[in-house]
Amino acid sequence: QLAVQGKLVPQDPNDEPADGAIESIRKQRNAFPTRKRQSTPAEAVGPDELLFTPPEHWRWLRMEDIAFDAMTGLDRGRTFQSPDNQFAYFKMNNISNDGECNFDNLTRIDVDEAEVAKFKLDDGDFLFNTRNSSDLVGKTCIYRGAKESPVLFNNNILRIRLPDQFTPDFLHIWFWSPVGREYLAERKSSTTNVAAIYQGKLMTMPVPVAPLSEQKRIVSKVTHLLSQVTRLESTL
């Protein structure tokens, strides 16, 4: 919580303000081919929507304004999945409950070249679980560490690619923070067995934008603290 509020690491007056990062984000996002059809930017985050008061040099954007590519994956039912098929298939159970990629139980599918190009995962992709049980929907991870390539992703996962001025690790921390989890929980659509957070609702989510240098310092500090927690848990 402290990390996403700008209270975990000190601010550096020499950092480029978030306004400069936002301008770079918009230029890169608008240059992406799938964005050219969108003529209007996302609605600005209003004062009544701010989830907390950030540091003076931070800003708020919506997910729609940050993500330059967002799409759900390939739908292949169980009858089309087999250990003997050609391509690894990343599903919602491959996002662990603590926000890591789990490659131990990948199933496999067969697809054509066009589907490989469209649905393969790249290092650094931000993955969001759109449909699951009520307590597990909304899991996220950063796609890294696969032992093979290409790996394709399932239709219950939203793949989000971010501009250079916004690190996926900082977004991951935001989604797993208490205030981020609470926001997502309030926007779940649930039936008896399944809950969903659909792309349309997710893209309106406010996201705090810190200068890129500060994002990296925050990620480094959180990573260090979590490694300490892991060692303490192991010791206990």
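Modeller: Happy to; we can start with the whole chain and then go into single elements and residues. Keep in mind that this is a predicted model.

Biologist: What share of the residues is buried?

Modeller: Buried residues make up 48% of the 236 in the chain. The chain exposes about 12500 Å², and carbon and sulfur atoms supply 50% of that.

Biologist: What about contacts between residues 24 or more positions apart?

Modeller: Counting contacts with a separation of 6 or more, 78% are between residues 24 or more positions apart.

Biologist: OK, on to the inside. Which residues have the most contacts in the largest nonpolar core?

Modeller: Those are Ile160, Phe166, Leu171, Trp174, Phe175 and Leu202, in a core of 41 residues. The largest share of this core, five residues, comes from helix 4. There is also a second, separate core of 20 residues, which includes Leu74, Val116, Cys141 and Phe153.

Biologist: Tell me about helix 4, then. Why would you call it largely enclosed?

Modeller: Seven of its nine residues are buried, so the rest of the structure largely encloses helix 4. The buried ones are Pro168, Phe170, Leu171, His172, Ile173, Trp174 and Phe175.

Biologist: What about helix 5? Which of its residues are buried?

Modeller: In helix 5, residues 178-185, the buried ones are Val179, Gly180, Tyr183 and Leu184. Looking down the helix axis, they fall within an arc of 135°, so they line one face of helix 5.

Biologist: And what covers the buried residues of helix 5?

Modeller: The cover includes strand 5 (126-129), helix 4 (168-176), helix 6 (199-202) and strand 12 (206-209).

Biologist: Switching topic: Arg62. Is that one buried or exposed?

Modeller: Arg62 is buried, with a relative accessible area of 7%. Arg62 lies in strand 1, residues 59-62.

Biologist: An arginine in there! What does its side chain make polar contact with?

Modeller: The Arg62 side chain makes a polar contact with the side chain of Glu49, at 2.7 Å. The side chain of Arg62 also reaches the backbone oxygen of Thr204 at 2.7 Å.

Biologist: Nice. How about Tyr89, where is that?

Modeller: Tyr89 is in strand 3, residues 87-90. Tyr89 is buried, with a relative accessible area of 0%, and its side chain makes a polar contact with the side chain of Asn154 (2.8 Å).

Biologist: How far is Tyr89 from Val179 in space?

Modeller: They are 32 Å apart, C-alpha to C-alpha, and 90 residues apart in sequence.

Biologist: And what is Thr107 in contact with?

Modeller: Setting aside neighbours within four places in sequence, Thr107 contacts Gln81, Ser82, Phe87, Ala88, Tyr89 and Lys91. Thr107 sits in strand 4, residues 107-109. At a relative accessible area of 18%, Thr107 counts as buried, because the cut-off is under 20%.

Biologist: Now the prolines. Where is Pro150?

Modeller: Pro150 is in the loop between strand 7 (140-142) and strand 8 (151-153). A cis peptide bond joins Ser149 and Pro150, with omega about 0°. Most peptide bonds are trans.

Biologist: Good to know. And which residues does Pro211 touch?

Modeller: Not counting residues up to four places away in sequence, Pro211 touches Asp15, Glu16, Pro17, Ala18, His57 and Trp58. Pro211 is found in the loop between strand 12 and helix 7 (212-235), and at 1% relative accessibility it counts as buried.

Note on methods: Residues are numbered from 1 along each chain as its sequence is written. This is a predicted model: local features need pLDDT of at least 70, side-chain atom pairs count only at pLDDT 80 or more; totals for chains, interfaces and linings use all residues. Side-chain values use heavy atoms; hydrogens and water are left out. Buried means under 20% relative accessible area, exposed over 50%, partly exposed in between (1.4 Å probe, protein chains only). Helices (H or I, at least four residues) and strands (E, at least two) are DSSP runs, numbered from the N terminus. The arc is that of the directions from the helix axis to the C-beta atoms. Contact means heavy atoms within 4.5 Å. A nonpolar core is a set of buried Ala, Val, Leu, Ile, Met, Phe, Trp, Tyr and Cys residues joined through side-chain atoms within 4.5 Å. A polar contact is a pair of N or O atoms within 3.5 Å; within protein, one must be able to donate a hydrogen and the other to accept it, and residues adjacent in sequence count only if both atoms are side-chain atoms. Accessible areas come from the Shrake-Rupley method with a 1.4 Å probe; for residues, only the protein chains shown count as cover.
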